[in-house]
Amino acid sequence: MPRKDTLDHLTRLYSASDDPWDHRTSAYEAGKYAATLAAIGPGPFREALEIGCGNGTLARQLALRCTRLTVMDCIPAALQAARQVLAPLAQVTVIEGAAPQDLPRLDPDLVVLSEVLYFLTPDEIADLGRWLRDHATGPVIAVNWTGPTDEALDGASAVALLAEALGPGTTDHHEGFRVDRFDLPG
């Protein structure tokens with residue numbers, strides 16, 4: 001779970017705006033979502049999981065490739081925004097919780113971690129990696145900002161810790177972010 005100061009910061013951001021990073025309007029975010037969806041592939045996915053869904057902007061696009069999609073976040077205001085945008089999509093379930101301790105009981109054939117890993121501690125990433133090895137039956141997509149994060153970990157360090165748990169993946173570098181794909185046996 002993110003540190004208390006990080007949780008407080010994210011809570012303040014979402015209390016001021018339901019779209020603090022302009023996910024709905026930013027050209028950068030649109031490009032990142034396109035690269036993420038390209039790395040994921042067309043699907044369909046039986047049971048997908050997005051950890052750290054924020055306001056649901058990516059989940060809305062992801063849901064079109066999923067029979068069932070569970071999204072989670074630990075910031076209540078972000079979840080409220082996600083519930084509003086995802087309400088018309090019957091295949092989507094929105095839950096409150098933090099990874100790895102609150103992960104739901106499911107065996108997803110797709111897991112998306114978009115700009116969340118560096119909010120976790122190294123031990124939490126290791127625990128998440130174990131959960132993924134035990135439960136995930138398909139690709140794990142990790143998207144990480146490549147600039148400074150103001151967190152203990154940056155994107156490259158966080159994904160390197162995940163790779164220690166999952167084995168080597170493939171990386172696509174883009175301006176400002178990277179997309180790593182780990183293909184777990186199904």
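Reader: How confident is the predictor in the protein chain, and what is the average pLDDT?

Author: The model is predicted, and the protein chain has an average pLDDT of 91. A score of at least 70 is reached by 90% of the residues.

Reader: Which pattern do the helices and strands of the protein chain follow along the sequence?

Author: The protein chain contains six helices and seven strands. Read along the sequence, the pattern is α-α-β-α-β-α-β-β-α-β-α-β-β.

Reader: Why is Val143 called buried?

Author: A residue is called buried when its relative accessible area is under 20%. The relative accessibility of Val143 is 0%, and therefore Val143 counts as buried. Val143 lies in strand E5 (residues 139-145).

Reader: What makes a residue a contact of Val143, and which residues does Val143 touch?

Author: Contact requires heavy atoms within 4.5 Å. Not counting residues up to four places away in sequence, Val143 touches Lys32, Thr36, Leu113, Ser114, Glu115, Phe177, Arg178 and Val179. As for distance between C-alpha atoms, Val143 and Asp172 are 29 residues apart along the chain and separated by 9.7 Å.

Reader: Is Asp73 buried or exposed, and how do you know?

Author: The relative accessible area of Asp73 is 10%. The limit for the term is under 20%, so Asp73 is buried. Asp73 belongs to strand E2 (residues 66-73). Leaving aside neighbours within four places in sequence, the contacts of Asp73 include Gly52, Cys53, Ala78 and Leu79. Asp73 and Glu50 are 23 residues apart in sequence, and their C-alpha atoms are 8.8 Å apart.

Reader: Why is strand E4 described as largely enclosed by the rest of the structure?

Author: Five of the five residues of strand E4 (residues 110-114) are buried, so the strand is largely enclosed by the rest of the structure. In a regular strand, side chains alternate between the two faces of the sheet. Both faces of E4 are covered: Leu110, Val112 and Ser114 are buried on one side, and Val111 and Leu113 are buried on the other.

Reader: What makes the buried residues of helix H4 lie on the same side?

Author: The buried residues of helix H4 (residues 76-86) are Ala78, Leu79, Ala81, Ala82, Val85 and Leu86. They cover an arc of only 160° around the axis, and therefore they are on the same side of H4. On the other side of H4, Gln80 and Gln84 are exposed.

Reader: What share of the protein chain is buried, and what share of its accessible surface belongs to carbon and sulfur atoms?

Author: Of the 186 residues in the protein chain, 54% are buried. The accessible surface comes to about 8,500 Å², and 52% of this area belongs to carbon and sulfur atoms.

Technical notes
Residues are numbered from 1 along each chain as its sequence is written. This is a predicted model: local features need pLDDT of at least 70, side-chain atom pairs count only at pLDDT 80 or more; totals for chains, interfaces and linings use all residues. Side-chain values use heavy atoms; hydrogens and water are left out. Helices (H or I, at least four residues) and strands (E, at least two) are DSSP runs, numbered from the N terminus. Buried means under 20% relative accessible area, exposed over 50%, partly exposed in between (1.4 Å probe, protein chains only). Accessible areas come from the Shrake-Rupley method with a 1.4 Å probe; for residues, only the protein chains shown count as cover. The arc is that of the directions from the helix axis to the C-beta atoms. pLDDT is the predictor's confidence in each residue, from 0 to 100.
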